[in-house]
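This report describes selected features of one structure, chain by chain. The sequence and model are shown first.

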Amino acid sequence: MQTTRLAFAAAAALGLLLATGCTTDAPADDAATDESAPAADSGEWFVQAEYDEQLAQRDIEPEGDPNTPWLQAIEPEWVDTSAFTREGGDATVCFSNASVSNPWRVTGWITMQEQVKVLQEAGEIGEFRTSDAGDDDDQQISDIQAFVDSGECDALIISPSTTATLTPAVETACASGIPVIVFDRGVNTDCATTFIHPIGGYAYGADAAEFLVENLEPGSKVLALRILPGVDVLEHRWAAAQQIFGDSELEVLGNEFTGGDAAEIKNIVTQYLQRGDVDGIWMDAGDGAVAAIEAFEDAGKPYPVMAGEDELSFMRKWEETGMTAIAPVYSNFQWRTPVLAATMILNGEQVPAEWVLPQEPITEADRDEYLERNAEMPSLHYAKFGGEDLPGFPDAWRDR
Amino acid sequence: MTRARRLGAALLGGGTGTVFLLLVLIFAGILALNPGFFEGPSLMAFLKQAAPLVILAAGQYFVIVSGNFDLSVGALVGAQVVIAARLIDGEESRTVPVMLVMLAFGIGVGLVNGLITTVLKVQSFITTLGMLLVLYGAIRLWTGGAPTGSLSEAFRTPGRLGITDVPLVGQIPWALLIMLALGAGAILLMRTRFGRILMASGDNELAAKLSGARVDAARTAAFVLSGVSATVAGILIGGFAGVSAQVGEGLEFTVITAVVLGGVALGGGRGTALAAMAGALAIEALFTLFNQMALPATLRPAVQGAIIIAAVAYAARRRTRPALQTTASPS
Amino acid sequence: MTAQTPRPRLGTTALIYLALAGVLVLGAAAVAMDGGNLFATANLVDMLTRTSLTGFLAIGMTLVILCRSLDLSVGYTAALSSLVAATTMDGQAANVPLAVALVLLVSGLIGSANGAIIAFLKVNPFIATLGTGLILKGYLDTQYKGPAGDVPSVFQQFGYTRIGFVPVSALVMLAVAAAAVWYLRSTRTGHHMYAVGGDVEVARMSGIRTTRVLLTAHVLCGMCAGIAGLLLAARFGTGSAEAYTNLYELDAIAAVVLGGTLLLGGKGGVAGTVAGVAILAVLDTVFNVMQIDPFAKDVLRGAVIITAVALYARRQLDRTARRPRFAATQGRQS
Amino acid sequence: MSALLAMRGIGKAFLGVQVLSAVNLTVSRGEVHALVGENGAGKSTLMKILAGVHTADAGTVELDGRAVAFTHPAAAQKAGVASVFQEFNLLPELTVAENVHLGHEPRRRGGIDRKAMNEATAAALADLGVDDLAPTAKVGTLSVAHQQITEIAKALSQGADLICMDEPTAALADAEVALLYRLVVRLRERGVAVLYVSHRLREIFDLCDRITILKDGRLVDSVATADITPDELVTRMVGRRIEAQFPPRLPGTETGDVRLRIEGGGNDYVDGIDLEVRAGEIVGLAGLQGSGRTEIAEAVFGITPFTRGTVAVDGRPVRLSRPRKAIAAGIALVTEDRKAQGLALHQSVKANARMVLDANARVHSRQRLGRIEGLLSSLDLVARGDDQEVQFLSGGNQQKVVVAKWLAAEPGVIVLDEPTRGIDVGAKHKLYSVIRSLAAEGLAVLLIASELIEVIGLADRIAVLHDGRIAGELPGGSTEQEVMAYATGRRSGPSDAEGSEPE
């Protein structure tokens, strides 16, 4: 009987909603359903077009000064932002962060704060407001709403925690008329003034997979270590890898979810080694890569050919062991770009509608150079954080 | 002879027997899929990797048998590893002092959990849930979000290395020896007066109090033991795999599941330390089995959940049967 | 107010609303010192919005906890419900009623599964629901590789529309809360939840079909999680399996206990729970407005929860300490 | 009289243990029918089958000539069979009215009708001649007697034709027993049948029309009360004759120095307590429920300590602020409620027996641990060995374990609070002789019992309490009237302890 009551309550609520057209923060119908992302329907992650595009973008020379990669852009379509021009500087910039729940985000977050300091000195930015959703989509939606409702943000930077789910909130923000800057993970709408991101997951996964294919004998066995399922940027990396492994002679032993927990990673690798040889390791992120390598050491097996990430602990291990490896990069310096973009927009300068930042893996060739640059940095720091020229360097990143 | 009977009861009585049955089944499964698993080296590797959970289970056992929960162990393990990395920062010489600091910290956390639960009368579920949040946040505040520093070789020895060149098994991991030592310690401790009082406190607090037992002290001590076990586990896990931001996440639920799988009743007063540790071993073995079966990673939680429910339900059935007798001979 | 002897329980509930008021005052003061205004529309909206989701979960959780049970699977149920809703609606406004019905059905079934495992298989609630949670997780991870489905904008209104500064979702939550309060106080099954939680044997001896009561509580708890899932879908515009990673269940339990409901069952009520939810929401908003470091948030949350419960515990202590006679009853329950 | 209930050939086994076999029981309308037998005789099991808690393996149950088989207490109640079980079936958090109507609340428009519920309760209580009990009172705040009344009101509210009462007076003081008598009589007048399970022979002979005797799960006989004497009854129950109900003072028992002395003891519950117990002496504490008997015990044992006055043990003044201190001072307390306060039910006999030694370093010693086994057998404990969980023991044997755990600590003063509550005649008798031998060994014994006859039969001196004060002191063997005179406050005066030195 309570069933019916609850159902009634819900139905009544709906009725109420349909009736009251009054203040709604939700976007109009049309916006909601345009170019609904791959994720949105099938739940399958591989989209040939995006895949091809990203792989192509890797070979395109980005516009702009290579010494400031965070300002470079690949095939930008510049859009006019004069509508947002704002006199007098000291703008209030708001930032809704998905979380700082992993070292990559922590590093980037520091970089962003240092960049902001510079802009505040310069009088470009007055107040820099942030909220952290702790990876909770619903929380972040509330955060964004709060910023919009406060009406005090001159520009809103959003780092969505999940692509599809944040879409309505971002559209709401766009609708409020302030410039919206989305970076890292995207959303299923192009309403944002600019969407900043490195080339992307497919490219990352491909860099790693191609390296393994080149450096391993046909028939060699590869183990894929993944953090968790369901996160698009990670799923794209794996989808690309599957493509490339599929066309290769390599045998994929399995793909395991590790939660990025070193102990878990070492357990799994140890177990695979116990059952037979593993010649190559593919990872969708570098967290805990060292643990994987140690598993080979402890089992007394030769080092695998390995794709990690530009996380220093891995790169240092790589140098010290001299193993064959590559460090794919999901450009951490992208955390600088959004605040810069914000000021550009508020100054009415043009910005790319989709701001694709370069994303180059670190190879043996330039490994030592990056290790050199980051010599003082902690082990869970990312080599391509791109903050060397900021005044806070190195202390801000070293002693947090 | 009663001792023999008591042993029998300990192994098969109540729900306790289930876990050993489960253990046998799982190992049989692994054996069928991959006999090689039971060769010395790989078995040692398995035990090395299982050791931390077993030790945690021993610690959690004390808390549960005295009628409480400790949800904060996962966060504590994580915190300990991060503390170690930051304080040692690669300096071999600091290893031992830092380990002492960690021990002190572990004891401290246990003490706080215990006192809040016993003195302030806060449900341990809430106390340790709060502690979980506090530890998680505090440690990241302290390190600015991600672990910094690095561990020393010496620190990593207990978790990673062992006695090498042993015939047959190759290497006997220190972790295994520590596990055996602490495990034996736990079993013996339950035979002491402290252990008996702890058990009685979990079974009937009032009766224990009226018999003159320091119930609150005993329960607090149990939390401290749990804190210590989390510290040791932290040292082993950190040693085994090094630092990473996610160390210890979710461990608390795994370990409580393990203990309950061992036939230890939540609410206290029933179950043996041995069975609790066997529960932990069973869980680890289960993960290994999944891996051997190459079961799709996404499916594993489902199977794990089903098995846990089934096992506990089976144990519950066996426990409830004699309970009928009470109604048969009322007082 | 939630049934039983009016005087003492009203006392407890009153205390909790007092606590809520206290938190509001302190929060407002803190924000004011920070040069802000906690009661600015934006912040009010923010607070109320935050109550909705935890609210639905906590209301259901209250019912099971009153029965001396627990449900650690609500987070997963909500996630699954959001997917069921989104995929069923599939962008068509016409499908909304069907989707809602389907969600309530599915979540109700999950609840009944929990209830059955606990009531008939005699598995401890903690383990049982932890287990079903894992099972759901496995299903979600295997079945849905990330977000799926598409919610028509008309249903998104559920997550976004406001009347004045009050979000509709919050209104619906309060409506459900009111329904639950009435249910616990005025229906037999609801009233019997206190008996089952108080002493299951006594309840049984009094001719109460205890398993049926427990089952009902779990079904309702599941359905509340289902509604929470609907809200998620409405706000996300799609269904998200990832939602379970946020440990909503622990928030819900914390809220219930903050609301003065005894984790051992038999005492408490939904009115308190609503206050508990509100307290947590106010804290979140205050932390946000004051730009508290995300990690400091966790520390503060943990501390607040413990302190609050410590305060209630003290009161309950005073009341029960009076009559040693009742050692007997306690003995039987423990 | 038409047979209301007819149970024929009832059999029941638990895990192969035959608890009942071929038992017949017939109860007529308006009859008060006693069901007697030692514990384990199967009384409670038979009752629980009737109440729908258990289902019989064999036999038939007929109610009003209709065959019935209850699978759930609810079914039994619908059919008009209500039960008042030994351990209270009340929820302290709910009100009297809510408890009375639990499971069958009156409804109006789909909702529970609290108004009707309270009114109905008030009416029911008035009908029972109870005027001092408010329907809206929280049961958690009631006296044991009032809870008992609530229980009975609950049974009646279900419109029962047959009410089963299991040891209804176990927790009642004599005055309250009188009230219960009145209730039973009223029920009989109404034509309600009462199945009355009790160990108290006096009640059986006062109240019951017929007596059905069970022994070891078998029917011994069913006779009219008029046709049997108490002694015969006891004999047929236990199969052996218990000559005097109370064993005599053992030879060689000497009254020595004062071991426990209380001067001006007082706290929230009692006041101006002057009491001394000598070695080898058994002092009885008599008084109505709530007169402060248990409170004195709890004060002496440091549970709710005296806040005024002084206590000395063996001449040494002691501050008994916690049980630990009392134990260290050589005091032992056998508590009123053995299940809730005395035993860890899921632990072994051994574990329980050594609990006090384990818990107190001051009294722990290898020798004492060593003696436990002998101690248990000297108490004639019947158990499947000392590793059996105490929850599986009969009440009498459980009580023996409790006594053993205290004697293990070799106390100088032992306080026994209702030591024989709800245990069978055999065990009772055993405990009586144990108490005697404790005195003989030179312990000071403080005995609390609601059954006046016990105090009178065992104690050398009797201190009678009234309203938390010692109203007077009487020599052992005084008459119940004398005791009641003090207990009810009709008489009070300076305690004439001197006059009552044991001869």
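The model is predicted. An unreviewed UniProt entry annotates residues 95–327 of chain A as "domain: Periplasmic binding protein".

Chain C contains 14 helices and 2 strands. With a radius of gyration of 20 Å, close to the 20 Å given by the globule rule for 334 residues, chain C is as compact as a globular protein of that length. Along the principal axes, its C-alpha atoms fill a box of roughly 60 × 50 × 35 Å.

In chain B, helix α3 (residues 40–65) and helix α11 (residues 215–241) have axes that come within 7 Å and cross at roughly 170 degrees. Because angles over 145 degrees count as roughly antiparallel, α3(B) is roughly antiparallel to α11(B). Residues of α3(B) in the contact include B:I55, B:L56, B:F62 and B:V63. On the side of α11(B), B:F223, B:L225, B:L236 and B:F240 are among them. By class, the contact of α3(B) with α11(B) has 17 nonpolar and 5 polar residues, and no charged residues.

Chain D has an open sheet of 4 strands, in the order β14-β13-β16-β17, with antiparallel pairing. Its edge strands are β14 (273–278) and β17 (316–318) of chain D, each of which pairs on one side only. Direction ignored, neighbouring strands of this sheet are turned by 20 degrees against each other on average. Strands of a sheet pair through backbone hydrogen bonds.

| Strand pair (chain D) | Bridges | Direction |
|---|---|---|
| β13 (residues 258–266) and β16 (residues 308–313) | 5 bridges | antiparallel |
| β16 and β17 | 3 bridges | antiparallel |

Between β13(D) and β16(D), which are joined by 5 bridges, D:L260 has D:V313 of β16(D) as its bridge partner. D:R261 stands opposite D:A312 in β16(D). D:V313 also stands opposite D:R316 in β17(D). The strands β16(D) and β17(D) form a hairpin with 2 residues between them. In the turn, D:D314 has a positive phi of about 50 degrees.

Terms used:
Residues numbered from 1 in each chain as written. Chains lettered and ligands numbered in written order. Predicted model: local features only at pLDDT ≥ 70, side-chain atom pairs only at ≥ 80, totals over all residues. UniProt positions renumbered as here; feature names shortened; annotations may be inferred. Pairing = 2+ DSSP bridges. Axes fitted to C-alpha atoms, helices over the stretch in contact; angles between N-to-C directions. Parallel < 35°, antiparallel > 145°, perpendicular 65-115°, else oblique. Contact = placed C-beta atoms within 7 Å. Nonpolar A, V, L, I, M, F, W, Y, C, P; charged D, E, K, R; others polar. Rg over C-alpha atoms; globule rule 2.2 N^0.38 Å.
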